[in-house]
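Below are my notes on the model, as numbered points. Please read them with the structure open.

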Amino acid sequence: MAIEVNGKTVETTPSGYLQDLADWSEDVAMKLAEIEGITLTDKHWDVINYLRDEYHNNAQNQPMERVVLKEMAKKWGSKPTSKDLYTLFPLAPTKQGTKIAGLPEVLRKGGY
C-alpha cells in the first residue's frame with residue numbers, strides 16, 4: 001500500500017504503518033491521520049511527539065498507555081483519563097498514535 005504526500009509516494013505496510021521510518025514528516029502524519037479519520041490538534045501532537053521521542057531517544061521504547069497518561073499529565077498540567085486518550089485516538093492511543101507518529105507497529109496485546 002502507498003500514500004501520496006506532497007507529490008511523493010510513501011510506502012506503508014498492509015496495516016498502514018510506514019515501511020521506512022525515515023519517510024515520516026508532519027505532512028505524512030497529517031495524511032495518516034486523515035486516513036484514520038482524525039483531525040490533529042495540539043494534544044494529538046503532544047502524544048505523537050512524545051511517542052516519537054521515546055522511540056528515537058529511549059532505545060526504541062514504545063510506552064504503554066499508563067506511561068503516556070502520566071507523561072501527558074505533566075505536559076498538560078491536568079491528569080487525563082484513558083477516555084481522554086481514546087477520544088484523541090479511538091482505535092487505541094498507543095497503536096493508532098504510533099501509526100500516525102510514523103513508528104513501527106506495536107504488536108503487544110493490551111495497551112494499559
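1. In helix α2, His44, Trp45, Asp46, Val47, Ile48, Tyr50, Leu51, Arg52, Glu54 and Tyr55 are buried, where buried means under 20% relative accessible area, exposed over 50% and partly exposed in between, with a 1.4 Å probe and protein chains only. The cover over these buried residues includes α1, α3 (65-76), α4 (82-88) and α5; a contact is a pair of heavy atoms within 4.5 Å. Helices are DSSP runs of H or I with at least four residues, strands are runs of E with at least two, and both are numbered from the N terminus.

2. On provenance, this is a predicted model, in which local features need pLDDT of at least 70 and side-chain atom pairs count only at pLDDT 80 or more, while totals for chains, interfaces and linings use all residues. Residues are numbered from 1 along each chain as its sequence is written, and side-chain values use heavy atoms, with hydrogens and water left out.

3. The length of α2 is as expected. Its 16 residues reach 22 Å from first C-alpha to last, close to the 22 Å expected at 1.5 Å a residue; the expected span is 1.5 Å times one less than the number of residues. For α3, 12 residues should span 16 Å at 1.5 Å a residue, and the end C-alpha atoms are 16 Å apart, which agrees.

4. Which residues of α3 are buried? They are Glu65, Val68, Leu69, Met72 and Trp76. Seen down the axis of α3, these buried residues fall within an arc of 100°, so they line one face of the helix; the arc is that of the directions from the helix axis to the C-beta atoms. An α-helix has 3.6 residues a turn, so residues three or four places apart point the same way. The face of α3 turned away from the buried side carries the exposed residues Lys70 and Lys74. Among the elements covering the buried residues of α3 are α2, α4 and α5.

5. Helix α1 (residues 26-36) buries Val28, Ala29, Leu32 and Ala33. Viewed down the axis of α1, its buried residues lie within an arc of 135°, so they line one face of the helix. The cover here includes β1, β2 (8-11), α2 (42-57) and α5.

6. How do α1 and α5 (residues 93-100) cross? Their axes come within 8 Å and cross at roughly 135°. That makes α1 oblique to α5. Axes are lines fitted to C-alpha atoms, for helices over the stretch in contact, and angles run from 0 to 180 degrees between N-to-C directions. Angles under 35 degrees count as roughly parallel, over 145 as roughly antiparallel, 65 to 115 as roughly perpendicular and the rest as oblique.

7. In the contact of these two helices, Ala29, Leu32, Ala33 and Glu36 of α1 meet Gln96, Lys99 and Ile100 of α5. The contact residues comprise four nonpolar, one polar and two charged. Here Ala, Val, Leu, Ile, Met, Phe, Trp, Tyr, Cys and Pro count as nonpolar, Asp, Glu, Lys and Arg as charged, and the others, Gly among them, as polar.

8. Several positive phi values deserve a look. Most residues other than glycine have a negative phi. Alanine 59 has a positive phi of about 55° although it is not a glycine; alanine 59 lies in the loop between α2 and α3 and is exposed at 77% relative accessibility. Alanine 92 also has a positive phi, near 105°; alanine 92 sits in the loop between α4 and α5 and is buried at 12% relative accessibility.

9. Valine 5 belongs to strand β1 (residues 2-5) and is buried at 8% relative accessibility. Not counting residues up to four places away in sequence, valine 5 touches Val10, Asp27, Val28 and Lys31.

10. In helix α4, threonine 87 is exposed, with a relative accessible area of 60%.
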